[in-house]
Amino acid sequence: MKFRRKETIEAVQWDGKNQAELKAFAGQFVMFDYADVDKDGVLDALLKVKDSEKIEHAHAGDYVVRGKKGDFFIMKQKEFDALYEEVK
């Protein structure tokens, strides 16, 4: 038999440039640092998500997910895609 998760979640995918969208979604739980990661002279945004225990670094393609208790956490795209489908 096959099963699908019944819960509905809210999440935003980090694309490396959507800082304003993530800040509006997760507020004080997201932080950004800037570094020239590609060594191209342009500062790239580095996303960090703060949960109750630690600060995690996210990579482009990762999802920032709002938990049931209002907390936020990072989920890799492959894991997210395996568990959820978009509600239309």
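pLDDT is the predictor's confidence in each residue, on a scale from 0 to 100.

**Figure 1. Confidence along the chain of the predicted model.** The mean pLDDT of the chain is 89, and 94% of the residues score at least 70. Confidence is highest in helix 1, at a mean of 96, and lowest in helix 2, at 91.

**Figure 2. The aromatic pair of Phe25 and Phe72.** The structure holds five aromatic pairs. In one of these, the ring centres of Phe25 and Phe72 lie 5.4 Å apart with the planes at 80 degrees; because an angle over 60 degrees counts as edge-to-face, the pair is assigned to that class. Phe25 belongs to helix 1 (residues 19-26) and Phe72 to strand 6 (residues 72-75), so the contact ties together parts that are 47 residues apart in sequence. Phe25 and Phe72 are both buried.

**Figure 3. The stacked pair of Tyr63 and Phe80.** The rings of Tyr63 and Phe80 are 3.7 Å apart, centre to centre, with 10 degrees between their planes. Tyr63 is located in strand 5 (residues 63-66) and Phe80 in helix 2 (residues 77-83); the pair thus links distant parts of the chain, 17 residues apart. Both Tyr63 and Phe80 are buried.

**Figure 4. The aromatic cluster of Phe25, Phe29 and Phe72.** Ring pairs join Phe25, Phe29 and Phe72 into a cluster.

How values were computed
Residues numbered from 1 in each chain as written. Predicted model: local features only at pLDDT ≥ 70, side-chain atom pairs only at ≥ 80, totals over all residues. Heavy atoms only, no water. Phe/Tyr/Trp six-rings, centres within 6.5 Å; stacked < 30°, edge-to-face > 60°. Helix = DSSP H or I, 4+ residues; strand = E, 2+ residues; numbered from the N terminus. Buried < 20%, exposed > 50% of the residue type's maximum accessible area, 1.4 Å probe, protein only.
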